[in-house]
Amino acid sequence: MKRSSQIGLAAAGVLLVATVWSMTGEDPQENLVYNSLSDCRSAGQVSASQCETAFSEASAARLKDAPKFQSQSACEAQYGANGCGSASIGGAQYFIPALAGFMLARGLSGGAAQAQPLMPPTTSACPPGSTQPECQQARSSSSSSSGGSYGGSGSRSRAYSTTSGRSVTAAFAAGARVGSTAATSTASRGGFGSIARSFSSHSSS
Amino acid sequence: MRRVTLPPRADWVEQVERLGFAFHTIDGETYWDESAAIAFTLEEIERDIEGPTEAIEQLCFAFIEKALDHDEILTKLAIPAEHWDYIRASWQRGERNLYGRLDLAYDGRGPAKLLEYNADTPTALFESSVVQWDWLEQAMARGAIPRGSDQFNSLHERLIAAFAGLREPSPYRLHLTCVQGSPEDKGTVDYLTDCAVQAGLDARFTYIEELGLLTDGRFCDGANQPIETLFKLYPWEWMFRESYGSALAGSGCQFVEPPWKAILSNKGLLACLWEMEPGHPNLLPAFFEGDPRCATLSARHVRKPLYSREGANVTLMERGRVLDSDDGPYGAEGHVLQDAATNLFSADGKYAVLGSWLVASQACGLCVREDASPITKNTSRFLPHYIEP
């Protein structure tokens, strides 16, 4: 075969601010959602060590609390193709949904609450044709590509599920630029880009 | 090789936007065009595109070795002398490259011919890697093309692997940058950022206008974070000439593409390769303007500025008469003249140019751009391709 066997898009570096809908109709809550540890670090909303703590908490909670399946196909029937991985738990081999992201409550980002693992959306939460907001992205992520916007400015969303079976939709917000301390001070800025301005476009080919 | 007319997906806009592809229409004109596709045989792909692409890359490496030893070649390429040592050092250190695109004339008969090498800042990457891949899967699923079709396209997995291997130790922190105000460039960099994250890297975006210089000589991003490795979708020939050009050598920054790519992303390369390997089956005769051997070129030839992007300022000549040209801002550094290709694929009154992708110098993907004019421009439409089973 001359082509990639699968393509996954991680919507990298995009800070996700989640609005959580429970399936029982709770009020939406604001949380921080990251697809990966490096997303969390580069977003800069919480410290790098808090990111690491949250990520390891979420990873451990996934192994402990995620639904366990005896076969990959049974797992994929619920979490979609490529939505599962194998895990060795207590000496036995299981298939459990993949860690698609992790979530920490904004008000509790000081570490009071444990970070929650996020897994791919379940097919039962979002049956084909479903129009609930949290299912909009879930349908498309049943194919092997999902999430992210490349060159667009519109906001997008991505669906997940929690270990308790709740459905979570995270709306992408523009990545916040976060100030940080550098060991040395900045001597100047803006020394590249002048020719592009004079040419207007055509900087690439 | 043939052009196959196909009904577009009824919801094609929704389908490509689902992937995050935002520039499918440019200035009101269709850019992503799935009303047709180009079908290849596996033999055409492997024998005529994949093999020659890697052969040309090897020839380019031999040329770099030669150019770095010959000041007169670097002068002809209009590379500023104050940056020669910087370029030499990047080659001698073996700094790795990420990607590039060879533009080829090929009509399914005879050898493909190199039109130019976009070695430094190629775009059309996301649509090549992801959008046409998804189109293929869906086209097979809905029966528009035969099941068992394939595509010359392992770009996505190769990019992820190449990012992981660009420097040691990996994973490392990578900054990525492009100019403000170009949705196409930003879309390309956003996609590469995604690939870098999947490679496990700590990837951060900053606009090139935001770059700063720290007092210790390192570059920094908009948040004053020092930059150790920088992917820049911004041409070397401009960086050399801008005010931070003098800070490059002392910055300790590893650039992607590396500085030595400046030798290849220059239309003078076409004349230099022909000089090295006259008669090479995949090259067209080409000379620097003013070289007396230009008289040996065909009556129908093309005049290209040394530095040019997206077909800008390229002129198609016949017996001294201009047949077609594209206006633009380039040309101050000189020109090359190259025989017009006689094997451009043409069907239904349109011309197609192939873009053959290299990732880490391995041929691994293809894109097809189609235009009513024989000069491919930044508005030429993108057609998906497939390999017939």
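1. Phe163(B) touches Cys195(B), Ala196(B), Ala199(B) and Leu201(B), leaving aside residues up to four places away in sequence. Phe163(B) and Ala196(B), together with Leu104(B) and Val359(B), touch the most other members of the largest nonpolar core, which has 120 residues. Helix α5 of chain B, residues 125-141, gives the most to this core, with eight residues. A second, separate core of 27 residues includes Tyr34(A), Cys51(A), Phe95(A) and Val168(A).

2. A word on confidence: this is a predicted model. Its scores are ipTM 0.88 and pTM 0.73. For chain B the mean pLDDT is 93, with 97% of residues at 70 or more.

3. Now to helix α7 of chain B, residues 183-198. Its end C-alpha atoms are 22 Å apart, which agrees with the 22 Å that its 16 residues should span at 1.5 Å a residue. After the helix comes Gly200(B), with a positive phi near 90°.

4. Strands β19 (residues 350-359) and β20 of chain B pair in the antiparallel sense over nine bridges. Val359(B) has Gln362(B) as its bridge partner in β20(B). Two residues lie between the strands of this hairpin, where Ala360(B) takes a positive phi near 50°.

5. Strand β20 of chain B, residues 362-371, is mostly covered, with eight of its ten residues buried. Strand β21 of chain B, residues 381-383, runs antiparallel to β20(B), and three bridges join the two. Arg381(B) in β21(B) is the bridge partner of Glu370(B).

Key:
Residues numbered from 1 in each chain as written. Chains lettered and ligands numbered in written order. Predicted model: local features only at pLDDT ≥ 70, side-chain atom pairs only at ≥ 80, totals over all residues. Helix = DSSP H or I, 4+ residues; strand = E, 2+ residues; numbered from the N terminus. Expected span 1.5 Å × (residues − 1). Core = buried A, V, L, I, M, F, W, Y, C linked by C-beta atoms within 7 Å. Buried ≥ 20, exposed ≤ 12 C-beta atoms within 10 Å, placed from the backbone. Contact = placed C-beta atoms within 7 Å. pLDDT = per-residue confidence, 0-100. Pairing = 2+ DSSP bridges.
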